[in-house]
Amino acid sequence: MSSTIYTKLDELTLPRSPRSVPKPDPSKLTEYSCPSCGKSLELYEYQKEGQPKKMLRCANPASRHYKCKDVAYFWTKKGTFWSPKFGEVKNMPLSQAKGQKAKATRKANR
């Protein structure tokens, strides 16, 4: 009887496969870098109130919900991408992109 219970418990405690993280579509990656982590920004197209919209967001799905949560650049009528937190999107090398958030915060605190 104990082996039957063990078998049932064993079935219940099987290790689950890790949640698969979708990889970004390479055709949607841009030359712009995420100001928080330095990865590429991806073009994300969606609908809001029946209107097509587009935005740039961090292409790394794992950090998009945590570290890069505030990285969102929205398409404007001027024909540029703009973020309420970071301003207009700028093309910058990876070495400069990492830590830009911290520098912006320091400047704001002065």
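Mentor: Let us start with Pro52, which is in contact with Tyr46 and Gln47 once its neighbours within four places in sequence are left aside; contact here means heavy atoms within 4.5 Å. The place of Pro52 is in strand β3, residues 51-58. Strands are DSSP runs of E with at least two residues, helices are runs of H or I with at least four, and both are numbered from the N terminus. Pro52 counts as exposed because its relative accessibility is 61%; exposed means over 50% relative accessible area, buried under 20%, and partly exposed in between, with a 1.4 Å probe and protein chains only.

Before going on, please keep in mind that this is a predicted model, where local features need pLDDT of at least 70, side-chain atom pairs count only at pLDDT 80 or more, and totals for chains, interfaces and linings use all residues. Residues are numbered from 1 along each chain as its sequence is written, and side-chain values use heavy atoms, with hydrogens and water left out.

Now look at the partner of β3. Strands β2 and β3 pair in the antiparallel sense over eight bridges; two strands pair if DSSP finds at least two bridges between them.

Ser33 has Ser40 in β2 as its bridge partner. Six residues lie between the strands of this hairpin, in which Gly38 has a positive phi near 90 degrees.

Next, a pair of cysteines. Cys34 is buried, as its relative accessible area is 0%, and Cys68 counts as buried too, at 1% relative accessibility. Are they bonded or too far for a bond? The closest cysteine sulfur to that of Cys34 is in Cys68, 3.6 Å away, so the two are too far for a bond. A disulfide is a pair of cysteine sulfur atoms within 2.5 Å, and by this rule the count is zero.

Let us move on to Ser83, in strand β5 (residues 81-83). Ser83 is buried, with a relative accessible area of 1%. Not counting residues up to four places away in sequence, Ser83 touches Ala72 and Tyr73. Its side chain also reaches the backbone oxygen of Ala72 at 3.3 Å.

Gly87 touches Tyr73, Phe81 and Trp82, with residues up to four places away in sequence not counted. Between the C-alpha atoms of Gly87 and Tyr73 there are 8.2 Å, with the two 14 residues apart along the chain. Gly87 counts as buried, at 19% relative accessibility.

Finally, how far can you trust the picture? The predictor gives each residue a confidence, pLDDT, from 0 to 100. The chain averages 74, and 62% of the residues score at least 70. Confidence is highest in strand β4 (residues 72-75), at 94, and lowest in helix α4 (residues 100-109), at a mean of 40. Over residues 93-110 pLDDT stays under 50. Where pLDDT is low, the predicted coordinates should not be read in detail.

Technical notes: Polar contact = N/O pair within 3.5 Å; in protein donor to acceptor, adjacent residues only side chain to side chain.
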